[in-house]
Amino acid sequence: MERLVQGTRVLQADVAHPEPEVLEAAAKVIREGGVVAFPTETVYGLGADATSAEAVGRIFEAKGRPSDNPLIVHVADREQLDQVVSLVPPVAERLIERFWPGPLTLVLPKVASVPHAVTGGLETVGVRMPDHPVALALIRAAGLPVAAPSANRSGRPSPTAAEHVLEDLGGRIPLVIDGGETGVGLESTVIDLTIDPPVILRPGGITLEEIAEAIGAVEVAASVDGAEAGEAPRSPGMKYVHYAPKARVILVDGPVLHMQEKIRDLILEFQEEGRRVGIMCGAESRGLYLAQVVMEYGSRGDLAAVASDLFGTLRAFDRHGVDVILVEGVPTTGIGLAIMNRLRRAAGGQVVQV
Ligand code: TXA
Ligand code: MG
């Protein structure tokens with residue numbers, strides 16, 4: 001099925017059995033140096049030929065992305081990995097064995113043929129094998145490693161449905177493959193394997209606990225929890241405004257009862273100033289808040305479900321015209337570390353600790 005949105009072609013794909021004609025249409029655009037948005041198991045990506053600086057330039061142009069922020073290269077098999085990186089150390093082998101295909105990006109030394117346009121000038125490259133039939137089939141059909149950041153305008157929440165891609169990039173890109181909603185809902189974990197012990201630069205779909213179990217020693221970059229904002233981030237993408245809906249976001253964090261009390265106080269304060277207030281909270285506290293818009297992100301007891309809906313819920317506030325969104329924090333265990341990282345960044349550092 002095909003539709004046209006502001007000049008962008010949208011091709012519907014059967015996720016379990018992607019149609020050859022859909023894959024071929026998208027692969028052709030990529031081989032000819034264009035960009036295509038496609039689903040992965042984390043978020044939608046905006047893909048281009050990773051071996052062409054010119055093609056990759058179109059990604060930065062469509063997204064409005066700063067050119068020093070490197071892209072992740074997506075591969076479909078081991079042979080493509082070897083076309084992109086110059087060394088696969090034993091620790092990488094263990095992680096690949098355990099977590100690929102899946103939401104884990106490995107930062108490794110790049111080969112000379114990967115253009116600096118992909119890596120933001122770095123000698124390393126982030127690479128992953130996505131766990132999604134459409135993404136894998138597209139990379140195979142293109143016959144090339146595919147560079148792909150999340151398919152949002154720079155600074156906006158990452159897209160977890162084709163509609164989100166069209167909201168941000170409709171009319172700016174030629175083609176979107178619509179594969180329905182993504183599963184994980186947050187981006188891949190990025191881990192730097194060029195240093196010992198390895199360092200998690202961005203928490204994501206594979207948790208710190210899972211990685212520690214697989215390889216033992218692993219560190220988390222200071223930039224992840226935003227505590228040391230002054231430190232130069234090693235993952236260049238961590239320094240920019242990110243995941244921001246149109247309204248101002250304030251994250252409230254601490255023990256549940258204290259959070260709830262603080263949020264109720266803040267609602268009154270903002271309403272007295274005449275502001276429209278949105279609340280994003282756990283299902284458990286939904287009934288506690290008298291604000292203009294209350295949206296739940298799911299049960300605090302099921303953080304995987306919270307992750308899968310997080311960006312969609314942030315985007316949904318755009319349609320309600322609120323001035324400020326107050327968000328309940330979650331514990332930083334498991335996928336909670338990635339959820340809190342995204343919420344802190346959506347809040348641009350406006351975190352109220354109670
Ligand atoms: O799940 C994902 O990772 C999604 C899907 C589409 O695969 N992609 C994604 O890409 O989130 P992007 O460009 O939005 O985020 C890439 C992150 C950025 O924080 C970037 O700085 C970091 O990975 N990164 C990429 N290459 C790097 C490198 N060589 N060294 C350090 N950080 C790197
Ligand atoms: Mg992104």
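**Helix pair and open sheet**

In H4, Val91, Arg94, Leu95, Arg98 and Phe99 come up against Glu210, Ile211, Glu213, Ala214 and Ile215 of H8. Sorted by type, the residues of this H4–H8 contact are six nonpolar, four charged and no polar. Keep in mind that this is a predicted model. The other thing to look at here is an open sheet of five strands, with helices H9 and H11 packed on it.

**How H4 and H8 cross**

- Helix H4 covers residues 90-99 and helix H8 covers residues 208-215; they pack at an angle of about 125°, and their axes are 10 Å apart.
- As for handedness, H4 goes past H8 in a right-handed crossing.

**The sheet**

- Reading across, the strand order is E15-E14-E16-E13-E17, with parallel pairing.
- The edges belong to E15 (293-296) and E17 (351-353); each has a single partner strand, so one side of each has no neighbour in the sheet.
- From one strand to the next, the twist averages 20°.
- E14 (residues 277-281) and E16 (residues 324-328) pair in the parallel sense over four bridges, and Ile279 has Leu326 in E16 as its bridge partner.

**Helices on the sheet**

- Helix H9 (residues 256-272) packs on the sheet and touches E13 (248-253), E14, E16 and E17; its direction makes about 175° with that of E16.
- Helix H11 (residues 336-346) also packs on the sheet, touching E13, E14, E16 and E17, and its direction makes about 135° with that of E13.

Technical notes: Residues are numbered from 1 along each chain as its sequence is written. Chains are lettered from A and ligands numbered from 1 in the order in which they are written. This is a predicted model: local features need pLDDT of at least 70, side-chain atom pairs count only at pLDDT 80 or more; totals for chains, interfaces and linings use all residues. Side-chain values use heavy atoms; hydrogens and water are left out. Axes are lines fitted to C-alpha atoms, for helices over the stretch in contact, and angles run from 0 to 180 degrees between N-to-C directions. Helices (H or I, at least four residues) and strands (E, at least two) are DSSP runs, numbered from the N terminus. A crossing is left-handed if the near helix is turned anticlockwise from the far one by less than a right angle, and right-handed if clockwise. Contact means heavy atoms within 4.5 Å. Ala, Val, Leu, Ile, Met, Phe, Trp, Tyr, Cys and Pro count as nonpolar, Asp, Glu, Lys and Arg as charged, and the others, Gly among them, as polar. Two strands pair if DSSP finds at least two bridges between them.
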